[in-house]
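Biologist: I would like to learn how to read a model like this one. Where do we begin?

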Amino acid sequence: MTLLRLENVVASYGAVRALQGISIDVQSGAIVALLGANGAGKSTTLKTISGMVRPASGFVEYDGQRLEGKTPNQIVRLGIAQIPEGRKIFKDLTVSENLRMGAYTRKDKAGIEQDQELVFVLFPILKERARQLGGSLSGGEQQMLAIGRGLMARPRLLLLDEPSLGLAPLLVADIFQALRRINKERGTTLLIVEQNAHVALKNANFGYVLQVGRVATEGTSEELQRNREVVESYMGTQQ
Amino acid sequence: MLGQQIMSGLATGSLYALTAVAVVVVFRNTRTINLAQGDFSMMGAFIAIILLKTYGLNYYATIVLCVLAIMALGVLTERLVMRPIADSDWLTLFTATLGVYYILHGVAGWIWGRDTKAFPVTFDPTPVHIFGTVVSHGHLINMGWAAAIGVVLYVFFKYTKQGIAMRAVTDDPETAKLMGIPVRFIVTLTWAMAGFLAAFIGILIAPIIYVAPEMMDEVLIKGYVAAVFGGLYSIPGAIIGALMIGVAENLAGGYLGSHYKTATAFAMIVVLLTFRPQGLFGIQKRREI
């Protein structure tokens, strides 16, 4: 079943026409990788889904509803959470306050508490640091907090913008292991933007490769992994 | 004598502190230096006079109605004046609040006249002995109110969802939006808080000074100076700055002569900006625009 569908989406980010007609299909329960070089339009694609950028034409359909024109607040309420590039945790808020803000749109106190416990099971270090300021965490811990904060919205679809950025390989493996666990245990659908094609395809079911605002190629992870040279040619100077 | 000077300095300083906190809260969520902050208090003082004298309401009912009215004034200012230009640079925003300042001055003068009025609730000068010094009953009451409001603010910012969301918007408005935090609503809430604080300041300060359209001009400047002490960002910094200004100007007034009072506040800011332009406490956040 298709959970999210982008059909021929054109969108500008600033003065740049970042998306020039992108069509993407995300199946419910899948892990989908969105690959491409810098400036290929990956982040703009996520921003268009989360309502931060409005498409000039084309449409975004989620769970049978059109998303264009909805506010970020409404989109979070529909079950889509975004984990922004560079983690963007609130530095002057404590870890638990950060998590609480992830659940801003929710009113079910018991459910929120339950989800916070789940985040602490997934990332025990966050429980230890619960009262520390977000800004005092290490890069890896901040990425865990950013993912945890995203989960606090209890999303059906989690959008991740470069979760591996700036992290040591060992930490990247940990983060992706956690993401697979979220996908498996909670049934959360993941759409992951990555520059690290190798790690992304190892963990995803399906992948799209973007090049200057268009889908250059797509396929299952196996297919894309077999055609690594093709993927890497689109990705630029990667690895 | 010295202790007494310090105590009454702390008492006026606590009212500057409320103004400073309002300046900080509005600035860090909207990049707006709100020059109309003092006039919110001035309108509050005039409305309080009407409620007390014309309608014969008791003091506490007056406070409640006044707070609601000035919160509405804050929200109205945001909706009608600031929101349409919210994406402009800081100078435009600043100039708009200057406009609101003159409008409120004009409106107050037009409705209530330019001459000063006495506040119907008088300042109680009865001396109270505390910590080995003598402080007037009125000052003690004002300090009590300021402390209580400080506690309310602390609880709001630390424990309530909207209070934490306000801090999140301060930290990173873009990401706050991604979390589904309605940033516009939070900005409205910020201006409501500015009104909430202003109403209290107006009612508490009115018995000490007088009520007139320009009554808050000097208080606003000192509140602003105190806010700069906190780097226009830190609430505790602004509060400590305000108390320091209150004490320093009172000492200057007592030992050098009363016309040195205001100059002291400015001398302090000159010294501060020379040696610690980022504020006395913490680092000023320079937000990308």
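Modeller: With the elements. Helices (H or I, at least four residues) and strands (E, at least two) are DSSP runs, numbered from the N terminus. Chain B, read along the sequence, follows the pattern α-α-α-α-β-β-α-α-α-α-α-α-α. That chain has 11 helices and 2 strands.

Biologist: What kind of model is this, and how are residues and chains labelled?

Modeller: This is a predicted model, where local features need pLDDT of at least 70, side-chain atom pairs count only at pLDDT 80 or more, and totals for chains, interfaces and linings use all residues. Residues are numbered from 1 along each chain as its sequence is written, while chains are lettered from A and ligands numbered from 1 in the order in which they are written.

Biologist: What radius of gyration does chain B have?

Modeller: The radius is taken over C-alpha atoms, and the globule rule is 2.2 Å times the number of residues to the power 0.38. For 289 residues, a compact globule would come out near 19 Å; chain B has 19 Å, so the two agree. The C-alpha atoms of chain B fill a box of roughly 55 × 50 × 35 Å along the principal axes.

Biologist: Is Arg154(A) buried or exposed?

Modeller: Count C-beta atoms, placed from the backbone: 20 or more others within 10 Å of a residue's own means buried, 12 or fewer exposed, and in between partly exposed. Arg154(A) counts as buried because it has 20 C-beta neighbours inside 10 Å. Arg154(A) sits in the loop between helix H6 (139–151) and strand S7 (157–161) of chain A. Its phi is near 50°, a positive value in a residue other than glycine.

Biologist: And where does Asn8(A) lie?

Modeller: In strand S1 (residues 2–13) of chain A. Phi of Asn8(A) is also positive, near 50°. Asn8(A) has 13 C-beta neighbours inside 10 Å, so it counts as partly exposed.

Biologist: How do strands make a sheet?

Modeller: Strands of a sheet pair through backbone hydrogen bonds, either parallel or antiparallel. Two strands count as paired if DSSP finds at least two bridges between them. In chain A, 6 strands form an open sheet with mixed pairing, in the order S6-S7-S8-S3-S9-S10. Strand S6 (80–83) and strand S10 (214–220) of chain A are the edges, each pairing on one side only.

Biologist: In which sense do S7(A) and S8(A) pair?

Modeller: Parallel, over 5 bridges; S8 of chain A covers residues 189–194. Leu157(A) stands opposite Thr189(A) in S8(A).
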